[in-house]
Amino acid sequence: MTEATRPLPAKPSHWRFGFALAAIVLVVDQAVKLWLLNVVDLAATGPLRVTPFLDLVLVWNQGISYGMFQQETDLGRWLLVVFTGIITLFLGYWLAVARDRWTSASLALIVGGAVGNGIDRIAYGAVADFVHVFVGSFSWYVFNVADAAIALGVIGLLVDAVGGRRNNAAKETSGES
């Protein structure tokens with residue numbers, strides 16, 4: 001690999017920013033879950049109406065996003081833990097070498113959320129979901145802070161990839177118009 005083709009290392013502020021954001025997502029996710037499980041005791045109190053379109057309700061998700069790939073056995077649970085760990089390590093590496101703040105933030109949201117849900121799966125055998133959004137008879141799935149962070153991170157990466165944000169940034173850096 002020549003000097004001209006070697007990728008530039010990430011700016012330290014980008015990976016520091018990214019890992020700090022991932023840690024914040026993780027702490028907020030776990031704090032909210034612990035509060036709802038142990039202080040509010042959502043399992044005993046049952047659904048709590050927050051607004052006319054939002055309830056807090058405890059659902060234990062033994063699968064992944066949108067309840068897909070439900071795993072009711074210990075083997076399935078631990079396979080999801082390992083799979084999540086491998087993906088999180090890959091995304092963590094990508095975060096460590098990210099060259100812009102947008103990518104760092106997007107990856108950080110995904111990593112922080114994945115670790116938060118992974119902790120649930122290890123500690124409880126399933127992920128604690130609690131936010132239920134609905135309009136009339138239309139009901140969105142039940143999710144948590146980690147799920148919301150993961151979804152926002154994926155949207156951020158898609159916007160970056162589809163929107164050509166990186167290409168514009170590269171032109172600005174190189175002086176092209």
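This report walks through the fold, the sheet, the aromatic rings and a few single residues of a predicted model.

## Overall layout

The protein has six helices and four strands. Along the sequence, these elements follow the pattern α-α-β-β-α-α-β-β-α-α. The chain is 177 residues long, and 38% of those residues are buried.

How much of the contact pattern comes from residues 24 or more positions apart? Take the contacts with a separation of 6 or more: 66% of them join residues 24 or more positions apart.

The four strands make an open sheet in the order 1-2-3-4, and the pairing is antiparallel. Strand 1 (48-51) and strand 4 (138-143) are the edges. Each has a single partner strand, so one side of each has no neighbour in the sheet. Neighbouring strands are turned against each other by 35° on average, ignoring direction.

Now follow the pairings. Strand 2 and strand 3 run antiparallel and are joined by six bridges. Here W60 has A128 in strand 3 as its bridge partner. Strand 3 (residues 127-135) also pairs with strand 4, again in the antiparallel sense, over four bridges. Two examples sit in this second pairing. V131 is bridged to F143 of strand 4, and H132 is bridged to V142 of strand 4.

Why is strand 3 described as largely enclosed by the rest of the structure? Seven of its nine residues are buried, so the strand is largely enclosed. Helix 4 (residues 101-124) lies across strand 2 (54-61) and strand 3. Its direction is about 120° to that of strand 3.

Strand 3 and strand 4 also form a hairpin. Two residues lie between the strands. In the turn, G136 has a positive phi of about 60°.

## Aromatic rings

The structure holds six aromatic pairs. One of them joins W15 and F19. Their ring centres are 6.3 Å apart and their planes stand at 70°. That angle is over 60 degrees, so the pair counts as edge-to-face. W15 and F19 are four residues apart in helix 1, which puts about one helical turn between them. W15 is partly exposed, at 35% relative accessible area. F19 is partly exposed too, at 34%.

Another pair is Y141 and F143. The ring centres are 5.6 Å apart, and the planes meet at 45°, so this pair is tilted. Are these two residues buried or partly exposed? Y141 is partly exposed, with a relative accessible area of 24%. F143 is buried, at 16%.

The charged end of R101 sits over the ring of F17, 4.3 Å from the ring's centre.

## Q30 in helix 1

Q30 is found in helix 1 (residues 12-39). Its relative accessible area is 14%, so it counts as buried. What does the side chain of Q30 make a polar contact with? The partner is the side chain of D29, at 3.1 Å.

Q30 also touches residues from elsewhere in the sequence. Leaving out residues up to four places away, Q30 touches G116, I119 and D120.

## D41 in a loop

D41 lies in the loop between helix 1 and helix 2 (42-45). D41 is partly exposed, with 33% relative accessibility. The phi of D41 is positive, near 55°, although D41 is not a glycine.

Note on methods: Residues are numbered from 1 along each chain as its sequence is written. This is a predicted model: local features need pLDDT of at least 70, side-chain atom pairs count only at pLDDT 80 or more; totals for chains, interfaces and linings use all residues. Side-chain values use heavy atoms; hydrogens and water are left out. Buried means under 20% relative accessible area, exposed over 50%, partly exposed in between (1.4 Å probe, protein chains only). A polar contact is a pair of N or O atoms within 3.5 Å; within protein, one must be able to donate a hydrogen and the other to accept it, and residues adjacent in sequence count only if both atoms are side-chain atoms. Contact means heavy atoms within 4.5 Å. Two strands pair if DSSP finds at least two bridges between them. Axes are lines fitted to C-alpha atoms, for helices over the stretch in contact, and angles run from 0 to 180 degrees between N-to-C directions. Rings of Phe, Tyr and Trp (its six-membered ring) pair if their centres lie within 6.5 Å; planes under 30 degrees apart count as stacked, over 60 as edge-to-face and the rest as tilted. A charge sits over a ring if NZ of Lys or CZ of Arg is within 6 Å of the ring centre and within 35 degrees of the ring normal.
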